[in-house]
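This report describes selected features of one protein chain. It takes up sheets and helices, then single residues.

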Amino acid sequence: MSESAYPPVDAHLDDPESARSEGRRKMDWALQHMPILQSLREEFETEQPLAGETVGMAMHVEAKTANLVELLALGGAEVAITGCNPLSTHDDVSAALDAHENITSYAVRGVDDDEYYDAIDAVIDHEPTITVDDGMDMIAAIHEDHPDLIDTIVGGCEETTTGVHRLRAMDDDGALEYPVFAVNDTPMKTLFDNVHGTGESSLATIAMTTNLSFAGKNVVVAGYGYCGKGVAKKAAGQNANVTVTEVDPRKALEAHMEGYDVQPMKEAAADADLILTTTGNRDVVVEEHFDVMPDGVLLANAGHFDIEIDLVALEEKAVDNYEARDGVQAYEMPDGRRLNVLAEGRLVNLAAPIALGHPVEVMDQSFGVQAVCVRELAANGDAYDAGVHDVPDDLDREIAEIKLDAEGVAHDSLSDEQREYLDSWDHGT
């Protein structure tokens with residue numbers, strides 16, 4: 001592997017030793033509550049399924065992710081990692097990872113755009129054979145700037161909705177040149193991480209950041225995919241009045257029939273106490289919406305990139321902006337109204353000052369899927385053509401079985417007769 005000009009995390013810290021100790025403490029706490037990764041650790045350490053592989057990662061570098069990273073290293077891989085969001089890295093966790101002899105971490109909180117991509121290039125300089133992304137920035141950088149590495153890359157995994165959208169667009173254009181598992185779209189991710197993880201962590205972070213209640217508030221949820229469903233459900237559970245905005249008529253109808261008000265954003269924004277975007281798209285909240293929002297509204301994003309709320313237009317419109325509270329930037333309109341943006345419009349549950357991300361148990365499931373997908377690529381990567389692939393169903397079920405066993409939950413199985421019935425077409429009425 002080649003050496004990068006961009007240094008690992010220790011070079012950016014005043015007291016790396018103390019940081020490592022605190023980061024390890026956070027990782028140990030999380031691992032106690034991650035029975036899936038605990039089970040896979042035993043398997044990976046014994047069988048070394050990743051021996052000889054180099055895994056390049058761009059992820060949210062915090063305690064839960066760190067346990068996935070360490071699992072891959074314990075399974076025999078050399079791992080290089082950086083952040084996938086400038087504000088989601090926990091420097092102490094990054095330092096703890098970098099202390100492992102088979103892990104190099106370039107993740108540093110608060111980097112600017114140039115440093116962010118320098119760190120991605122530093123990971124790519126390790127010449128990964130497998131990539132693990134959250135948002136697809138590493139895959140994009142490899143294809144655009146390091147195409148010479150593609151022939152030696154076995155495959156990759158993509159964690160999040162935005163990244164999978166980008167990958168599918170890339171695949172449709174015939175531009176994706178190695179196989180990538182769409183981990184985001186598999187049931188063990190979608191049904192839990194997106195619904196319960198996003199729903200609970202985004203609202204919990206907003207509550208901690210603002211010290212405000214949701215009870216009786218008008219909460220507008222932009223987008224009714226799995227993340228939006230989770231936010232709407234959890235907000236309603238805290239006695240908020242929930243309005244959903246949607247561009248897909250089927251999802252709008254689904255939200256309507258599940259008991260939520262459904263309105264265009266311009267109408268919904270006029271009465272909103274909180275607007276939370278979950279679309280993975282851009283320009284969801286724009287100037288015409290700023291014009292009608294009430295004083296004191298909270299604006300937050302639980303999608304991926306900081307383009308769901310048009311912050312450029314908001315800043316141009318404001319006569320003043322100031323930090324109203326840690327993690328809250330107030331924009332004062334010409335008429336005196338204050339519109340409050342949380343976490344700079346970035347992923348609120350990871351980028352706010354006290355954000356902790358999704359609950360540990362939820363991420364145990366998602367990272368379990370990531371781990372077995374990396375194992376599958378190391379073992380059978382040649383079986384997959386370039387392009388986006390669904391996670392093999394047996395791998396998804398494997399993670400569910402580990403979790404159920406850990407929870408002491410038993411379930412029924414199909415009998416031979418039932419299996420034969422489901423697999424045949426000649427059983428009539």
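Across which strands does helix H5 lie? In this predicted model, helix H5 (residues 113-124) lies across strand E1 (54-59) and E2, and runs at about 170° to E2.

**The seven-stranded sheet**

Strands E1 and E2 belong to an open sheet of seven strands in the order E3-E2-E1-E4-E5-E6-E15, with parallel pairing. The edge strands, E3 (103-105) and E15 (387-389), each pair on one side only. On average, neighbouring strands of this sheet are turned by 20° against each other, direction ignored. Strand E2 (residues 78-83) is joined to E3 by three bridges, and the two run parallel. In this pair, Val79 stands opposite Ile103 in E3. In general, the strands of a sheet pair through backbone hydrogen bonds, either parallel or antiparallel.

A further helix, H15 (residues 360-380), lies across E1, strand E4 (130-133), strand E5 (155-158) and strand E6 (179-182). Helix H15 runs at about 170° to E5.

**Phe181 in strand E6**

Phe181 is placed in strand E6. Is Phe181 buried or exposed? Phe181 has a relative accessible area of 1% and is therefore buried, the cut-off for this class being under 20%. Leaving aside its neighbours within four places in sequence, Phe181 is in contact with Gly156, Cys157, Glu158, Cys373, Glu376, Leu377, Tyr384, His389, Asp390, Val391 and Pro392. Of these contacts, Gly156, Cys157 and Glu158 fall within the residue range of strand E5, while Cys373, Glu376 and Leu377 fall within that of helix H15. His389 falls within the range of edge strand E15. Phe181 and Asn281 are 100 residues apart in sequence, and their C-alpha atoms are 21 Å apart in space.

| Pairing with E10 | Bridges | Residues opposite each other |
|---|---|---|
| E7 (residues 218-222) | four, parallel | Val220 and Ile275 |
| E11 (residues 298-301) | four, parallel | Leu274 and Leu298 |

**Positive phi outside glycine**

Asn239 has a positive phi of about 70° although it is not a glycine. Asn239 lies in the loop between helix H9 (226-237) and strand E8 (241-245). Because its relative accessibility is 56%, Asn239 counts as exposed, a class that begins over 50%.

Asp283, also a residue other than glycine, has a positive phi near 55°. The loop between E10 and helix H12 (287-290) holds Asp283. With 37% relative accessibility, Asp283 counts as partly exposed.

**A nonpolar surface patch**

Which residues form a nonpolar patch on the surface? The patch consists of Leu414, Tyr421 and Leu422, which together have about 320 Å² of accessible area. Tyr421 lies in helix H17 (residues 416-422). The relative accessible area of Tyr421 is 47%, so this residue is partly exposed. That value also meets the requirement for patch members, which is over 30% relative accessible area.

Technical notes. Residues numbered from 1 in each chain as written. Predicted model: local features only at pLDDT ≥ 70, side-chain atom pairs only at ≥ 80, totals over all residues. Heavy atoms only, no water. Patch = residues over 30% accessible without salt bridge, like charges linked within 9 Å, V, L, I, M, F, W, Y side chains within 5 Å. Areas by Shrake-Rupley, 256 points an atom, 1.4 Å probe, with all protein chains shown as cover. Salt bridge = Lys/Arg side-chain N within 4 Å of Asp/Glu carboxyl O. Buried < 20%, exposed > 50% of the residue type's maximum accessible area, 1.4 Å probe, protein only. Pairing = 2+ DSSP bridges. Axes fitted to C-alpha atoms, helices over the stretch in contact; angles between N-to-C directions. Contact = heavy atoms within 4.5 Å.
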